[in-house]
Amino acid sequence: MFLIVSVWLGLLNTGLVGDEVFVLPAVWLAPVVLAFGVLRGNPKVMLMQVVLLSLGFLFLIGIDAGSARGHTDSPIWLFLAPPPNLIRVFMIALAGVVLIVAARRVNKLLFQSITEAQRRANLTRYLPSQVVQDLGDSGLAALKNGRRQKAGLIFIDLRGFTTLSQQLEPDEVSELISDYRRRVSAVVRRENGIIDKFIGDAVMIVFDGEQAAKRCLNCGAGLLDEMARWTAERKSAGLPSLGTGIGLHWGEVFLGVIGDQDRLEFSVFGDAVNTAARLESLTRDLEMDLIVSNDLVTAAGGPGLLDGLVSIPPIEVKGRSGALELLGVPIRSESAKDHNEAK
């Protein structure tokens with residue numbers, strides 16, 4: 001409306017008539033007005049702009065209509081006659097219609113994008129981020145069908161936490177567990193692992209995909225170093241420190257998503273999961289910070305970043321047929337040994 005009124009006042013001030021309206025520079029702000037309307041992303045606003053501009057220009061070219069027809073002495077007036085002017089108005093309206101379609105499309109895509117982002121944000125409360133990405137790529141049905149494959153597995157657990165938690169205030173327990181989980185999560189994230197679940201002070205971690213075995217071993221090494229740093233920091237601050245037990249294994253598992261859109265859960269099943277959990281339990285009996293199966297070391301092509309490994313005599317792991325060849329990292333910290341002996 002401001003543009004139409006401005007052009008009308010320009011006609012009055014210059015003494016021009018409606019046939020000559022398109023010689024005024026202000027007229028060609030119309031595309032800018034339409035383009036600005038697209039930024040609103042609202043097709044209704046765009047439609048209002050197109051209607052107002054079209055009716056406004058039709059009104060302007062109708063002022064003293066046909067007055068230019070008498071100027072036959074110059075061919076320039078052929079371009080300022082009513083038919084060319086009507087074509088110009090039609091072109092402006094057509095451009096507006098195209099922009100309305102574009103605005104509707106942008107609005108629809110924006111809505112879909114926001115909806116998808118909200119859906120993914122909701123799913124990350126239940127599923128690891130890597131699984132949410134797979135859900136977007138392959139769909140829920142494919143993930144619910146699950147798949148069997150080789151995977152690396154880690155169980156890590158704090159030693160002496162139950163006893164210590166009974167001596168601490170609730171806020172101190174919460175702070176300790178939060179710090180522990182944050183550190184574990186940071187190491188797992190660096191190696192692109194999946195935290196399957198937190199169970200109190202225990203954590204189950206899964207590695208699948210490219211170089212899964214190597215990433216699993218490197219994560220085990222990273223967890224050892226991070227827990228050693230954490231122990232040193234707590235000791236220097238005069239806080240009670242805790243040891244950790246870490247079990248690593250490689251084997252066939254079932255990976256999949258169970259549940260529905262309201263409640264989904266990423267699950268990993270199989271004998272390999274039970275074996276990894278039992279290796280973590282063995283760290284207490286064998287006084288090890290970490291125990292890893294030779295299956296994982298072989299699949300990774302070597303120990304990778306995991307240093308200080310010593311051989312452990314083959315052990316019959318409960319629930320598994322045949323002896324399992326193992327390697328381990330002996331307990332490093334005295335505090336961890338104390339917790340192990342006390343337990």
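In this predicted model, helix α2 is followed by G41, a residue whose phi is positive, near 65°. The chain that contains this helix has twelve helices and eight strands, and buried residues make up 45% of its 343 residues. Of the contacts in the chain with a separation of 6 or more, 70% are accounted for by residues 24 or more positions apart. The accessible surface comes to about 18500 Å², and 59% of that area belongs to carbon and sulfur atoms.

- Helix α2 spans residues 30-40, and its buried residues are A30, L34 and G37; they cover an arc of only 55° around the axis, which puts them on the same side of the helix.
- On the other side of α2, the residues V32, F36 and L39 are exposed.
- Helix α3, made up of the 19 residues 43-61, reaches 27 Å from its first C-alpha to its last, which is close to the 27 Å expected at 1.5 Å a residue.
- The buried residues of α3 include P43, V45, M46, Q49, V50, L53, S54, G56, F57, L60 and I61; seen down the helix axis, the buried residues fall within an arc of 165°, so they line one face of α3.
- K44, L55 and F59, by contrast, are exposed on the other side of α3.

**Nonpolar cores**

- The largest nonpolar core has 38 residues, and those with the most contacts inside it are I154, I156, Y180, V184, I205, L223 and V292.
- Helix α9, residues 212-236, supplies the largest share of this core, with ten residues.
- Apart from this core lies another one, of 21 residues, and among its members are L11, L53, A93 and A103.
- Leaving aside neighbours within four places in sequence, I156 is in contact with Y180, V184, D201, A202, V203, I205, L223, M227, T244, G245, I246 and E280.

- Helix α9 has 25 residues and reaches 36 Å between its first and last C-alpha atoms, close to the 36 Å expected at 1.5 Å a residue.
- Just after α9, G238 takes a positive phi of about 75°.
- R215 has its place in helix α9 and is buried, with a relative accessible area of 13%, a value that falls under the 20% cut-off for burial.
- When neighbours within four places in sequence are left aside, R215 is in contact with E191, N192, G193, F207, D208, G209 and E210.
- The C-alpha atoms of R215 and A300 are separated by 8.2 Å, although these two residues are 85 residues apart along the chain.

**Cysteines**

- A search of the whole structure finds zero disulfides; C216 is in no disulfide, and the nearest cysteine sulfur, that of C219, is 6.8 Å away.
- For C219, the closest cysteine sulfur is likewise 6.8 Å away, in C216, and this is too far for a bond, because a disulfide requires a pair of cysteine sulfur atoms within 2.5 Å.
- C216 is buried, with a relative accessible area of 0%, and C219 also counts as buried, at 0% relative accessibility.

How values were computed:
Residues are numbered from 1 along each chain as its sequence is written. This is a predicted model: local features need pLDDT of at least 70, side-chain atom pairs count only at pLDDT 80 or more; totals for chains, interfaces and linings use all residues. Side-chain values use heavy atoms; hydrogens and water are left out. Helices (H or I, at least four residues) and strands (E, at least two) are DSSP runs, numbered from the N terminus. Buried means under 20% relative accessible area, exposed over 50%, partly exposed in between (1.4 Å probe, protein chains only). Contact means heavy atoms within 4.5 Å. Accessible areas come from the Shrake-Rupley method with a 1.4 Å probe; for residues, only the protein chains shown count as cover. The expected span of a helix is 1.5 Å times one less than its number of residues. The arc is that of the directions from the helix axis to the C-beta atoms. A nonpolar core is a set of buried Ala, Val, Leu, Ile, Met, Phe, Trp, Tyr and Cys residues joined through side-chain atoms within 4.5 Å.
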